[in-house]
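Reader: I have a structure to study for class and would like to talk it through. Could we go over it together, one topic at a time?

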Amino acid sequence: MFNSIGVIGLGVMGSNIALNMASKGEQVAVYNYTRDLTDQLMAKLDGQSLHPYYEIKDFVQSLEAPRKIFLMVTAGKAIDSVIDSLLPHLETGDIIMDGGNSHYVDTERRYDGLKPKGISYLGIGVSGGEVGALKGPSIMPGGDKDAYEKVAPILTKIAAKVNEEPCCTYIGPKGSGHFVKMVHNGIEYADMQLIAEAYTFLREKLHLEVNEIADIFETWNQGELKSYLIEITAEILRKKDEATGLPLIDVILDKAGQKGTGKWTSMQAIDNGIPASIITEALFARYISALKEERVKAENILTGPENVEHKLDKNEWIDYIRQALYMGKVCAYSQGFTQYKMSSELYGWDLPLKDIALIFRGGCIIRAEFLNVISEAYQEQPNLANLLISPYFAEKVTDYQAGLRKVICEGITSGISLPCLSSSLNFYDSYRKGISNANILQAQRDYFGAHTYERRDMAGVFHTDWQ
Ligand code: 6PG
């Protein structure tokens, strides 16, 4: 009997995807470049059935036609090597899927290279971490629609479900699936940083204990802030370090890592004139955190404001922070979805924004209750310029801006850095103004470089002899 699908790359994510497929009744062939991971996976099987292969040729030949091969290999050169090793054994119509965090530009290059060879290439965004891969991730497939349709029965089966609907939908051509995953990760960076800032305010300004902050996050997770990241933050704050008995969070080194997808999101936005300031602030917050040794030295040289302690009503301020966090999240997701919209127009992808919000509701890291409302906003107005101006969110941010303003003012006066919350408000305050201060910039550019300017009151291009 032939296998229905093959998985290459048996690290944790690949193993879990393979196990997920097997648990849904697929006959899954598995292969890893080195034999050890295959053996480890086979040793830990618990009733599931996977079929291991130790030669790439045997692996490929075990698959039914058209062959469906799912790569869960570290993004980068390794993907190209695996493709090269597969090619001699493939036939026209076979389908390679890349489920890793590949850069969408690499995916397009691979797609273009394989097309003339008759091999279909799908770049598939997969979100949900290890547990998601095993139990149901959010899946963002991009490439040729007819190729997607051949693998859709398997992908929709292994995806997370919300109201019995699979969190998997066809995203669009070529690299669009990986693009959507990339920006998902950028939003993830912003969402994580916003939560970190809310935590900092609760801890440093309201002087709450870690356990009390965990209670607050748990409460928030029962309301409109309900989301995976809020939920896990509450759990993280409850965890004690076995060695010291301290909250584990207090012994974790405050230096953030990153693997690049957030940076790519900012770079793509910057390259294409897309305002992704909140995601970019989140990225820079990670970079500044990484300068730990410098920060420790600077602490003894640089001072903050003095006499900042005054009584704040605890419950009142907890609610301001809740409002600030919600509004920050709305601004961050609105920038991410604008990045989808503007890029979709730029690349001619026709991204289904309503459906993207729907498949983000389950499985993925940024899953959140308010994605339902985001989806509704795009259902009502498919060409919505920005989520902030949709009736639901316009009303919300009108109500919540006072909370965000108070938190930022108090934070700034107290010397607490709140980069993403501040960036959210700066974005909001610039976006809601019909008139900006760019007239000054235009005048300066014309003054020193004769770069010309346009006028508000008549068409044309003008230059002034300023001196
Ligand atoms: C997901 C995650 C996943 C991974 C991030 C981590 O959606 O499942 O986004 O892809 O955890 O890439 O990214 P950083 O290491 O850059 O924080």
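This is a predicted model: local features need pLDDT of at least 70, side-chain atom pairs count only at pLDDT 80 or more; totals for chains, interfaces and linings use all residues.

Reader: Where is Lys174 found?
Author: Lys174 sits in the loop between strand 9 (165–166) and helix 8.

Reader: And what is phi of Lys174 near?
Author: Phi of Lys174 is near 45°, which is a positive value in a residue other than glycine. As background, most residues other than glycine have a negative phi.

Reader: Which other residue has a positive phi although it is not a glycine?
Author: Ala450 is one of them, with a phi of about 50°. Ala450 belongs to the segment after helix 19 (438–449).

Reader: Is Ala450 buried or exposed?
Author: Ala450 is exposed, because it has 11 other C-beta atoms within 10 Å and the limit for that class is 12 or fewer.

Reader: Let me change topic. Which residues does a cis peptide bond join?
Author: A cis peptide bond joins Ala65 and Pro66, with omega at about -10°. Pro66 lies in the loop between helix 3 (56–61) and strand 4 (68–71). In general, most peptide bonds are trans.

Reader: Now the overall picture, please. How many helices and strands are there in the chain?
Author: The chain contains 19 helices and nine strands. Its radius of gyration is 25 Å, close to the 23 Å that the globule rule gives for 467 residues, so the chain is as compact as a globular protein of that length.

Reader: What does the C-alpha trace span along its principal axes?
Author: The C-alpha trace of the chain spans about 75 × 70 × 45 Å along those axes. Of the 467 residues in the chain, 46% are buried.

Reader: What share of the contacts with a separation of 6 or more comes from residues 24 or more positions apart?
Author: Such residues account for 68% of those contacts in the chain.

Reader: How is the chain divided into domains?
Author: The chain has domain 1 (5–174) and domain 2 (181–431). The C-alpha centres of domain 1 and domain 2 lie 32 Å apart.

Reader: How many residues of each domain are in contact with the other?
Author: On one side there are 22 residues of domain 1, in contact with 18 residues of domain 2. On the side of domain 1 that touches domain 2, strand 6 (120–127), helix 6 (129–135), strand 7 (138–142) and strand 8 (161–162) each supply at least two residues. By class, that side of domain 1 has 10 nonpolar, 11 polar and one charged residues.

Reader: What about the largest nonpolar core; how many residues has it?
Author: The largest nonpolar core has 134 residues, and Leu71, Ile96 and Ile321 have the most contacts inside it. Both domain 1 (5–174) and domain 2 (181–431) give residues to this core, so it lies between them.

Reader: What does Ile96 touch, not counting residues up to four places away in sequence?
Author: With those residues left out, Ile96 touches Ile69, Leu71, Ile83, Leu86, Leu114, Ile119 and Tyr121.

Reader: Then on to the ligand. Which of the 13 residues around the ligand come nearest?
Author: The nearest are Ser127, Asn185, Gln258, Lys259 and Ile365. Helix 8 (176–205) and helix 11 (261–271) are the elements that give two or more residues to the shell around the ligand. By class, this shell has two nonpolar, nine polar and two charged residues.

Reader: Why does the ligand lie between domain 1 and domain 2?
Author: Domain 1 (5–174) and domain 2 (181–431) both give residues to the shell around the ligand, so it lies between them.

Reader: Which residues of helix 10 are buried?
Author: In helix 10 (residues 228–238), the buried residues are Tyr228, Ile230, Thr233 and Leu237. The buried residues of helix 10 pack against helix 8 and helix 9 (210–220).

Reader: One last point: where does Gly415 lie?
Author: Gly415 is in the loop between helix 17 (391–414) and helix 18 (419–431). Gly415 is exposed, with 12 other C-beta atoms within 10 Å. Not counting residues up to four places away in sequence, Gly415 touches Gly304, Pro305 and Val308.

Notes:
Residues are numbered from 1 along each chain as its sequence is written. A residue is near a molecule or strand if its C-beta atom, placed from the backbone, lies within 6 Å of it. Helices (H or I, at least four residues) and strands (E, at least two) are DSSP runs, numbered from the N terminus. Ala, Val, Leu, Ile, Met, Phe, Trp, Tyr, Cys and Pro count as nonpolar, Asp, Glu, Lys and Arg as charged, and the others, Gly among them, as polar. Domain bounds come from an automatic or database domain assignment. Two residues are in contact if their C-beta atoms, placed from the backbone, lie within 7 Å. A nonpolar core is a set of buried Ala, Val, Leu, Ile, Met, Phe, Trp, Tyr and Cys residues joined through C-beta atoms within 7 Å. A residue is buried if 20 or more other C-beta atoms lie within 10 Å of its own, exposed if 12 or fewer, and partly exposed in between; C-beta atoms are placed from the backbone. The radius of gyration is taken over C-alpha atoms; the globule rule is 2.2 Å times the number of residues to the power 0.38.
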